[in-house]
Amino acid sequence: MAGEPVEFRALIRQVTYAAKRVSAELRVAGLQGMLGGTGRTNVQGEAVQQLDAYANGTFVNNLLRSPAISDLVSEEMAEGMHLAQHSRGKYALLFDPIDGSSNLDANLAVGSIFSVRAPRDVLATGRTQIAAGYVMYGPATICVLAIPKYGVNLFTYEPTIGEFMFTRGPLTMPSEGRSYGVNDANESGWSPRVREFVDWLRGPAAHSTRYSGALVGDFHRILVGGGVYLYPGDSRYPAGKLRLLYEGCPLAFIAECAGGRAVSEECDILDIVPAQIHQRTPLIIGSRAEVDRFLPADR
Ligand code: AFP
């Protein structure tokens, strides 16, 4: 990132600093009474966990320190936040502070997802993203960062020195894989097309099921090993469950940068023009072979 503007490097530093704080809190949350809910629901009607609130506050407080950021959009905030004091900031940061919150109480992997855009592009297609990434808090805390000029690179947090260290990259997603991830409890609400696709994955394509309940972990497995993750529309969530701006778009950007693909049930995720900040989308993401089978690229 040496050639990037100093403001961009400062922004990434603030994001990774917030992630280090979240990583530290996650390690001791069970000892400090930080597991479990707050008793509140967010704008999506989902129960807010104490760690969702903690992580959101940590991201916001750190990002407020960066004059480069003029706008924030978070899963945990009903409205976007415009920082009038940073009106000349070049960037908007859109983020999901804790992705996969239902894994928290079971001490399973969770993540933070982020997307960097120009402030004027918050409601433009995902192709306008400047960078995107995620931090996964698993056995190791890792950060995956996609910047078109550098590709997709992976950094591992070294807690004894408090730094994310370059580990490998640029990463290339395998062109096909052997696993798929979907919540098959929703099967009765899927469209015939989705059912047919999942039948193909289970049958002729002989894929194994791998589904953890945290998009970051499930996507990361596919980024490194190939395959497909899907959360299609169903009868409960006809427009899909996942959020476009801070889940679908950043992961689609990373997938495309690594040679993979991400689609809704109609088009590439990065071609969708969002109507509002908490918009949902169906998401089918992963290796080209599997995603092209679901939605041919030349359709
Ligand atoms: P949040 O914890 O940010 O709400 O994300 C959870 C999530 O959107 C995504 O991480 C999972 O893949 C998906 O929901 C799991 O949903 P189900 O519990 O319906 O399978």
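**Strand 7**

I began with strand 7, residues 131-137, and found it mostly covered, with seven of its seven residues buried. I am working from a predicted model throughout.

I then looked up which way its residues face. Ala131, Gly133, Val135 and Tyr137 point one way from strand 7. Ala132, Tyr134 and Met136 point the other way, and all of these residues, on either side, are buried. In a regular strand, side chains alternate between the two faces of the sheet.

Which strands pair with strand 7, and in what sense? On one count, strand 6 (residues 110-117) pairs with strand 7 in the antiparallel sense, over seven bridges. In this pairing I noted glycine 111 opposite methionine 136 of strand 7. Strand 8 (residues 141-147) also runs antiparallel to strand 7, and six bridges join the two. Here I noted cysteine 143 of strand 8 as the bridge partner of valine 135.

**Domains**

I next checked how the chain is divided. The protein chain has domain 1 at 6-168 and domain 2 at 179-294. I recorded 21 Å between the centres of domain 1 and domain 2, taken over C-alpha atoms. For contacts between them, I have 44 residues of domain 1 against 34 residues of domain 2.

**Largest pocket**

Rolling a probe the size of a water molecule over the atoms shows where empty space is left. The largest pocket holds about 450 Å³ of space. I noted 26 lining residues, and those nearest the centre of the largest pocket are Gly100, Ser101, Ser102, Lys241 and Arg243.

By class, I have ten charged, nine nonpolar and seven polar residues in the lining of the largest pocket.

**Second largest pocket**

The second largest pocket holds about 390 Å³ of space. Of its 20 lining residues, I noted Leu26, Arg27, Asn107, Tyr137 and Gly138 as the closest to its centre. Tyr137 I had already met in strand 7, where it is buried. Helix 1 (residues 6-28) gives the largest share of the lining of the second largest pocket, three residues. The classes in this lining are 13 nonpolar, five polar and two charged residues.

**Asparagine 107**

I went back to asparagine 107, one of the residues closest to the centre of the second largest pocket. Asparagine 107 sits in the loop between strand 5 and strand 6. Is asparagine 107 buried or exposed? I put it down as exposed, because its relative accessible area is 69%, against a cut-off of over 50%. I also noted that asparagine 107 has a positive phi of about 60°, although it is not a glycine.

**Other backbone entries**

Most residues other than glycine have a negative phi, and most peptide bonds are trans. I found another positive phi at alanine 206, near 50°. Alanine 206 is in the loop between helix 3 (192-202) and strand 12. I recorded a cis peptide bond from glycine 169 to proline 170, with omega near -5°. Proline 170 is in the loop between strand 10 (163-168) and strand 11 (179-181).

**Mixed sheet**

I followed strand 12 into its sheet. Five strands form an open sheet in the order 12-11-13-17-15, and the pairing is mixed. Strand 12 (208-209) and strand 15 (261-263) stand at the edges with a single partner strand each, so one side of each has no neighbour in the sheet. Strand 13 and strand 17 (residues 283-286) run antiparallel, joined by four bridges. I noted valine 228 opposite glycine 286 of strand 17.

**Proline 5**

My last entry is on proline 5, in the segment before helix 1. I class proline 5 as partly exposed because its relative accessibility is 32%. Beyond its neighbours within four places in sequence, I found proline 5 in contact with Lys90 and Tyr91. Proline 5 and leucine 283 are 278 residues apart in sequence, and their C-alpha atoms are 32 Å apart in space.

Note on methods. Residues are numbered from 1 along each chain as its sequence is written. This is a predicted model: local features need pLDDT of at least 70, side-chain atom pairs count only at pLDDT 80 or more; totals for chains, interfaces and linings use all residues. Side-chain values use heavy atoms; hydrogens and water are left out. Buried means under 20% relative accessible area, exposed over 50%, partly exposed in between (1.4 Å probe, protein chains only). Two strands pair if DSSP finds at least two bridges between them. On a 1 Å grid over the protein atoms alone, a cavity is a set of points where a 1.4 Å probe fits but cannot get out, and a pocket is an open set with protein on both sides within 12 Å along at least five of seven lines; lining residues have an atom within 4 Å of a point. Grid points are joined across faces, edges and corners, and a volume is the space filled by probe spheres set on the points. Ala, Val, Leu, Ile, Met, Phe, Trp, Tyr, Cys and Pro count as nonpolar, Asp, Glu, Lys and Arg as charged, and the others, Gly among them, as polar. Domain bounds come from an automatic or database domain assignment. Contact means heavy atoms within 4.5 Å.
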